[in-house]
Amino acid sequence: MMKINTKHFGEVEIDEERIVVFEQGIFGFEDSKRYVMLYEDEDTKNGLCWMQSVDDEGLSLPVINPMFWFPDYSPEVADEQIARIGALKEEDLNLFSVVVITDNIESMTTNLKAPIVINIQTKKGMQVIVANEEYEIKHNLYEQMKLMKAGE
């Protein structure tokens, strides 16, 4: 176990085994290579969680599981592209998309064009750009949340 300082969550104790290494960093944050996922509740991993940089206490990215919020989401990524983070067994790969939260909740978006892929076995991750033309960098998440709530 180790302790890290964070801007938004104060001092947090993390298991070093949960640190994920992004050899190329994340788009816009190439210098930060090590992250840990912080969940409000480990049992509800489909909600909003935080990808906290271990190297930069001020860097914490809100992320979601896009497969939960967008059930038809089917990103096309070349196998060779993600093979750099380890074997391509679907059960070993977690997918996240970065969320942009603004003062106006109705303009909350998520990046479906460049999801984050994490291999939970190798503890390596990368951000990829999907081939699908229909996915946007700023896809409205608020509207999708409303649709899902209405369908319950």
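Analyst: What follows starts with the basis of the values and then turns to the rings and to one asparagine. This is a predicted model, in which local features need pLDDT of at least 70 and side-chain atom pairs count only at pLDDT 80 or more, while totals for chains, interfaces and linings use all residues. Residues are numbered from 1 along each chain as its sequence is written, and side-chain values use heavy atoms, with hydrogens and water left out.

User: How many aromatic pairs are there by this rule?

Analyst: A pair of aromatic rings is described by the distance of the centres and the angle of the planes. Rings of Phe, Tyr and Trp (its six-membered ring) pair if their centres lie within 6.5 Å, and planes under 30 degrees apart count as stacked, over 60 as edge-to-face and the rest as tilted. The count here comes to 4 aromatic pairs. One of them joins Phe9 and Trp50, whose centres are 5.7 Å apart with planes at 65°, so the pair is edge-to-face.

User: Which parts does the pair of Phe9 and Trp50 tie together?

Analyst: Strands are DSSP runs (E, at least two residues), numbered from the N terminus. Phe9 lies in the loop between β1 (2-6) and β2 (10-14), and Trp50 in strand β5 (residues 49-53), so the pair links parts that are 41 residues apart in sequence.

User: Is Asn111 buried or exposed?

Analyst: Buried means under 20% relative accessible area, exposed over 50%, and partly exposed in between (1.4 Å probe, protein chains only). Asn111 is buried, at 14%, and lies in the loop between β8 (109-110) and β9 (116-119).

Terms used:
Helix = DSSP H or I, 4+ residues; strand = E, 2+ residues; numbered from the N terminus.
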